[in-house]
Amino acid sequence: MYLENLIIDTVEPQRLGQFWEAVVGGERLTDEPDIFETRLTIEGGPVLDLCFPGVASEPPSESPRLHIDLLGGADQADEVDRLLGLGARHLDIGQGEVPWVVLADPEGNPCCVLEERAAHVDTGPIAAFPLASADPDRDGKFWSWLSGWTDVPGVAPRTLRHPSLRGPFLELCPASASAGTAKNRMHLDIRLETGDDPDEVAAGIAERGGRELHPDWGELPWRVYTDPSGNELCVLPARS
């Protein structure tokens, strides 16, 4: 199993997808009316696809369960100006005086442009994926088993990274468990590999505190779950 996709539900797939493709310098994979996909390849590290399906029906939360931290570094001000030119806007979520800059993408999804941090030298354009966690130690073990990413030092109580030690961090950040009243606009997808048994994976998720969801979306080739803190994720079948 491995972490394959970042999914961002959207009202306008092309508009939002093209924005994020420009932000991360992605390679376009799919550009259709109902979905836009672009690929971020980290040299010597992970390959992550950013997918924008046209399924959003509610406005984004200003306190999302998962969001994107972008590399700013010494060029933080210039990067903020670049994103504003692409269609982002400043966003006040009560952050006060902080060294990072909070922006909203063209559909209002919050993201941050970070200050210079030594740990982010090899992350590429996305520095981190902060994920809300009611129990970072428990959820760190869950996501490490699921994604194959490993524990590394970080600013969050539990931080994971691709085994290459390149690419973005997955940060388990203290927060209450999800109330589960609305679909998260942003989530992660795991891809099975040849030989992985989907039912064994489902059992492993349940044993580690996650649960399977059965949304009324018709027949799907993937299965939908939550992690132990209620964050949605999908497990995709192995590629043929």
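Author: Arg 28 is partly exposed, because its relative accessibility is 40%; the class covers values between buried (under 20% relative accessible area) and exposed (over 50%), with a 1.4 Å probe and protein chains only. The model is predicted, so local features need pLDDT of at least 70 and side-chain atom pairs pLDDT 80 or more, whereas totals for chains, interfaces and linings use all residues. Residues are numbered from 1 along each chain as its sequence is written, and side-chain values rest on heavy atoms, without hydrogens and water.

The partner of Arg 28 is Glu 21: the two form a salt bridge whose closest N and O atoms are 2.7 Å apart. The term denotes a side-chain nitrogen of Lys or Arg within 4 Å of a carboxyl oxygen of Asp or Glu, and under this rule there are 15 salt bridges. Glu 21 is classed as buried because its relative accessibility is 10%.

Helices (H or I, at least four residues) and strands (E, at least two) are DSSP runs, numbered from the N terminus. Helix α1 spans residues 13-24, twelve in number, and extends 16 Å from its first C-alpha to its last, close to the 16 Å expected at 1.5 Å a residue; the expectation is 1.5 Å times one less than the number of residues. An α-helix has 3.6 residues a turn, so residues three or four places apart point the same way. After α1 comes Gly 25, with a positive phi near 70°.

Arg 191 and Glu 4 are joined at 2.9 Å, N to O. That pair connects distant parts of the chain, with Arg 191 in strand β13 (residues 186-191) and Glu 4 in strand β1 (residues 2-8), 187 residues apart. Arg 191 and Glu 4 are both buried.

Glu 115 and Arg 117 also meet through their side chains, at 2.8 Å from N to O. Here Glu 115 is buried because its relative accessible area is 18%, while Arg 117 is partly exposed because its value is 21%. Shared partners in salt bridges tie Glu 4, Arg 191 and Arg 239 into one network.

Gly 73 and Arg 117 are separated by 44 residues in sequence but by 6.5 Å in space, C-alpha to C-alpha. Gly 73 belongs to the loop between β5 (68-70) and α2, and it is buried because its relative accessibility is 17%.

Two further loop positions complete the account. Gly 108 occupies the loop between β7 (101-104) and β8 (110-113), and is buried because its relative accessibility is 14%. Its C-alpha atom is 8.6 Å from that of Leu 91, which is 17 residues away along the chain. Leu 165, in the loop between β11 (158-161) and β12 (169-174), has a positive phi of about 60° although it is not a glycine. Leu 165 is partly exposed because its relative accessible area is 44%.
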